Amino acid sequence: MNRSMIRFLLAKLLLIEAVLLLVPVAIALYYQESNQVFIALFSTIGILTVLGGAGVVIKPKEKHIYAKEGVLIVSLCWILWSFFGALPFVFSGQIPNLIDAFFEISSGFTTTGATILNDVSVLSRSLLFWRSFTHLIGGMGVLVFALAIMDNAQNSHMEVMRAEVPGPIFGKVVSKLKNTAQILYVLYLALFVLFIILYYMAGMPLYDSVVIAMGTAGTGGFTVYNDGIAHYQSSLITYLTSFGVLVFGVNFNLYYYLMLRRVKEFFFDEELRAYFLIVITATGLITLNTLHLYHSLADSFEMALFQVSNIITTTGFGYGNTTNWPLFSQFILLLLMAIGGSAGSTAGGLKIIRGLIMAKIAKNQVLSTLSPHRVLTLHVNQAVIDKDTQHKVLKYFVIYVMILISLIFIISLDNNNLMIVTSAVFSCFNNIGPILGTTASFSIFSPFSKILLAFAMIAGRLEIYPILLLFMRRTWSKR
């Protein structure tokens, strides 16, 4: 194992986080916030600078990274960034409990949007901004961001990006890995800026526009006010948010195809078509099922589309109360929590592409009982999905279900309400945010449950394996 390279890259990443914390410092200066906020921010920056600086002094002789190093760098980076990113909240006294602060910022970086805060007004504007800024950073991936700006001329960090980018199949859009990361981030930031402009033109204040756009881009869900998007009392903003999160729930490689004018590959992508079919079907069913709760069909449709788009893209922007919805509609939302968005997007969840592959495996299995000697192949987008990939998808699903059941079993010690416990676990593990069946925040859970759910958020964002491998003895062996 190349321990020196792990140390060196993690130190670099801590220095990057220190630089990123200068953004909320600038916000604090603009709004002339208290000295306590500045002390909290600069103390954290100082700690990160000392630790990062000490780690990069000695450069590693061997710079190659294998799968084992890639997994460790990814998992440790997300945990460390979440821990140190939480310190400004603790030092400022705005979230004095370290476990609560770690949960909150883990939720930010993993773009979950779950919160322990019952009142977001306790946060200063700079730390409220930092809380949502973590959505923007974590949306495309902390390591994808780092690879886009770090020197990587030898293209040796493939295993780092492979361990972080969501989906069963990893592919570069261009030959050089660094260029891939840069292209993805340019597309990501261009869409982010577009939605800042759209929200501002729709009537949001500029500060709100930036914060909500960060939540939209990262499919995170943190907002400026306790009542979320409902605060603006604007159907235009509601529809913009619904459309925005759906845009960021699409595989970003497809947007690159659009840039190259490969329009056919975009619109005929099977995952994309399944994605929109699920959204349309779920919205239609919930609209009809909740029609009696609203003044008109238009109101029911607006609310249904908002909730469906926010849940399937694992965003979780708040709008209204769904606790009075029929169980049928709440169950649809629970299913969408598990499905998630597209691979290669900023959304979490199981991913639609895995659902497609498993559905086709099931279909082939049924057909094979009718024609045992018939050779059946599985295609997605006219490309053959080999047996190895099929087995990986099935194995991932088994592990996914086992962890979900285990988490529900443990968290049930905290709460006797099945819907609350199940949706809380689904929400954190799939990086969604809200809890179904209650309007309460995650403050209702014990410190142990919060730590467990925080690690569930990181595990879900990294698609399980990096966090599981982090706690295995074999991973740390010298072999």
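Which residue just after helix 16 takes a positive phi? In this predicted model, that residue is G340, with a phi of about 75 degrees. Positive phi values also occur at T111 and at Q382, neither of which is a glycine. This briefing covers helix 16 and these backbone positions.

**Helix 16**

- Helix 16 comprises 13 residues, spanning 327–339.
- From its first C-alpha to its last, helix 16 reaches 18 Å, close to the 18 Å expected at 1.5 Å a residue.
- The buried residues of helix 16 are S329, Q330, I332, L333, L334, L336, M337 and A338.
- An α-helix has 3.6 residues a turn, so residues three or four places apart point the same way.
- Among the elements that cover the buried residues of helix 16 are helix 14 (270–289) and helix 15 (297–312).
- Helix 18 (387–411) and helix 19 (418–429) are also included in that cover.

**T111**

- T111 adopts a positive phi of about 55 degrees although it is not a glycine.
- T111 lies in the loop between helix 5 (98–109) and helix 6 (125–140).
- T111 counts as buried because its relative accessibility is 1%, and the cut-off for buried is under 20%.

**Q382**

- Q382 has a positive phi of about 65 degrees, and it too is not a glycine.
- Q382 is placed in the loop between strand 1 (379–380) and strand 2 (383–384).
- Q382 has a relative accessible area of 79% and is therefore exposed, the cut-off for exposed being over 50%.

How values were computed. Residues are numbered from 1 along each chain as its sequence is written. This is a predicted model: local features need pLDDT of at least 70, side-chain atom pairs count only at pLDDT 80 or more; totals for chains, interfaces and linings use all residues. Side-chain values use heavy atoms; hydrogens and water are left out. Helices (H or I, at least four residues) and strands (E, at least two) are DSSP runs, numbered from the N terminus. The expected span of a helix is 1.5 Å times one less than its number of residues. Buried means under 20% relative accessible area, exposed over 50%, partly exposed in between (1.4 Å probe, protein chains only). Contact means heavy atoms within 4.5 Å.
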